Each structure stands twice: as C-alpha cells, then as structure tokens.
Amino acid sequence: MSLPALADRAIVLGVQARDWREAVRLAGDALVDSGCTTTEYTEAMIRMVDDHGPYIVIAPGLALAHARPGADVRRDGLSVITLAAPVEFGHAHNDPVSVVIGLASAAADAHLGAVAQLANAFNDPAAIPALAKATTREEARRILDGGSTVAAGA
Amino acid sequence: MKIVTICGAGIGTSGILKVNAERALQRLGLSASVVAADIASVQRVAADAQVILTSEEFVEAIGATRADVIVIENYFDGDELAEKLERALG
C-alpha cells in the first residue's frame, strides 16, 4: 500500500477537541467520512489507548491513531486532524498533541509502504509544526508529500 | 541479527519504528532483519531477537526476555534511534 491521495474529507484542520479521546474520535470520523472505515474502527482506535496507554504519541506533538486490520477497515487510508488547541494524551515526553494521523489498513503486511511515506514526511523535524499550522488542505497534502520546508516558509 | 519492533496492534507505530530502524542501521553500516509485531505475540516473535524496540508503555508487558529492550521516545528522530542501536549492538 502506498499513500492514496488524501480525500478532502480525510483532512480536517483547526478543529476543537476537549481531550485525547475526542481528538482520536475526530481522526476516526474522518476515516469514516472518506469511506475507509466503519465507526467500529474508531472505537477500536480509542480502545488501543485505553488498553496500552498513550504510546501512539510517537513524536513531539503527533499521535498516530490506529487499530488492528480487520472487517471494520473497508480500504486502506489515512486521515489528518489538526487541533485548534493542543490536548494532553498523558505521554511522558511528546505531549501536548496538535496533529493526529488516523491510519487504517486492511491487512497487516500491506501498510508498510504507507508508513514509509509517513516516515519520509515526518523525519523532517519541521513537518509536524508546519502541519499543525497548515490552513489549507493543499498545504497539508504538500507537507505529507515531504515538502514541509517549503510549506513552513510559505 | 534480529530486531523486533513492538506496538499494540503490530501495525502503524511498530511499522514506523521498523522503517526508521532499518534506516538507522543502514546509516550505522549494520545489517539486521527488523520485524514489526504486536505486544500479544512478542514472546514468540522475539524469542530469537537481540533487540526489542518499543515505547515505555510496553516494557512491563514484554516481560522477561533475553533481548535488549530499548525505549524510543521520538520515532522520527534518526539520531536517537542510531545512538541507541549503536549502544546496544556496538
């Protein structure tokens, strides 16, 4: 799986979330709205954090919300949520979070192309702050395609 | 040499860690097979591993293992990964 072009409905910028649970739910809603998952997948993403803690906060300011592949994934996809005000997930190093990426994969071994592309984009330390500040979907797409330096200076 | 990356689902975060660990190993001139797995299968998948990469949240659940358990804070920080891998493998 490589990253499909992000649908407009998969990108939601500058939204309000009361807490981490709502932030993850927004990322799940965007996956549902763009036709990738059912609402059960959203609940499964929240359950991962309830069960295992805030480990999905994998870098300063960024949470990668996901659950297991399964029947509640209709097709592979991503969503991007940026928060108007960052929320705490309870992570020891990487709080607060202002960008939540939702990841849905229909099969366990099919998602590595997509995560490699995410790694390409976010291995640039400027990418997360640039995405948090993005005001248009085009800007968000450009950052996820690995063009964050351009976006940050724009 | 075998390295296992662990997360709750065996996809997503452990996948990011796998991709970036492979890049760090390449930088260090080391070769190893890197496998992403979920916490439920760690004892089986990591039975013959030298290193387990994961988040602080999973250290207790991994339990007794012969592998070095290394906690990564920023999954996108190639320097952190390279330094910690070099220390464990060097």
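The model is predicted, so local features are kept only at pLDDT of at least 70 and side-chain atom pairs only at pLDDT 80 or more, while totals for chains, interfaces and linings use all residues. Residues are numbered from 1 along each chain as its sequence is written, chains are lettered from A and ligands numbered from 1 in the order in which they are written, and side-chain values use heavy atoms, with hydrogens and water left out.

Cysteines come up first. A disulfide is a covalent bond between the sulfur atoms of two cysteines; here it is taken as a pair of cysteine sulfur atoms within 2.5 Å. On that rule there are zero disulfides over all chains. For A:Cys36, the closest cysteine sulfur belongs to B:Cys7 and sits 19 Å off, too far for a bond. B:Cys7 is likewise in no disulfide, its nearest cysteine sulfur being that of A:Cys36. Both residues are tucked away: A:Cys36 is buried at 3% relative accessibility, and B:Cys7 is buried at 0%. Buried here means under 20% relative accessible area, exposed means over 50%, and partly exposed is in between (1.4 Å probe, protein chains only).

Next, the empty space. Rolling a probe the size of a water molecule over the atoms shows where empty space is left. The search runs on a 1 Å grid over the protein atoms alone: a cavity is a set of points where a 1.4 Å probe fits but cannot get out, a pocket is an open set with protein on both sides within 12 Å along at least five of seven lines, and lining residues have an atom within 4 Å of a point. Grid points are joined across faces, edges and corners, and a volume is the space filled by probe spheres set on the points. The largest pocket holds about 170 Å³. Its lining draws on both chains, with A:Phe122, A:Asn123, A:Asp124 and A:Pro125 among the residues from chain A, and B:Asn74, B:Phe76, B:Asp77 and B:Gly78 from chain B. Sorted by class, that lining has seven nonpolar, three polar and two charged residues, where Ala, Val, Leu, Ile, Met, Phe, Trp, Tyr, Cys and Pro count as nonpolar, Asp, Glu, Lys and Arg as charged, and the others, Gly among them, as polar.

Over the whole structure, one cavity of 30 Å³ or more turns up.

On to helix packing, with helices (H or I, at least four residues) and strands (E, at least two) taken as DSSP runs numbered from the N terminus. In α3 of chain A (residues 112–122), the buried residues are A:Ala114, A:Val115, A:Ala116, A:Leu118, A:Ala119, A:Ala121 and A:Phe122. Their cover includes β3, β4, β5, α4 and α5 of chain A, together with α1 (13–28) of chain B.

As for charge pairs, the structure holds 10 salt bridges over all chains, each a side-chain nitrogen of Lys or Arg within 4 Å of a carboxyl oxygen of Asp or Glu. One of them joins A:Glu22 to A:Arg18 at 3.3 Å, N to O; A:Glu22 is partly exposed at 22%, whereas A:Arg18 is exposed at 73%. Another pairs A:Arg21 with A:Asp50 at 2.9 Å. This pair links distant parts of the chain, from helix α1 to helix α2 of chain A, 29 residues apart. Both partners are partly exposed, A:Arg21 at 32% and A:Asp50 at 45%. A:Glu138 and A:Arg141 meet at 2.7 Å within helix α5 of chain A, three residues apart, about one turn of the helix. A:Arg141 is buried at 17%, and A:Asp8, A:Glu138 and A:Arg141 are linked in a network of salt bridges.

A:Ile46 lies in helix α2 of chain A and is buried at 3%. Setting aside neighbours within four places in sequence, A:Ile46 touches A:Trp20, A:Arg21, A:Val24 and A:Arg25. The C-alpha atoms of A:Ile46 and A:Arg21 are separated by 6.5 Å, though the two residues are 25 apart along the chain. In chain B, B:Thr54 belongs to strand β3 (residues 51–54) and is buried at 0%. Not counting residues up to four places away in sequence, the contacts of B:Thr54 include B:Ile6, B:Leu17, B:Val59, B:Ile62 and B:Tyr75.

Terms used
Contact = heavy atoms within 4.5 Å.
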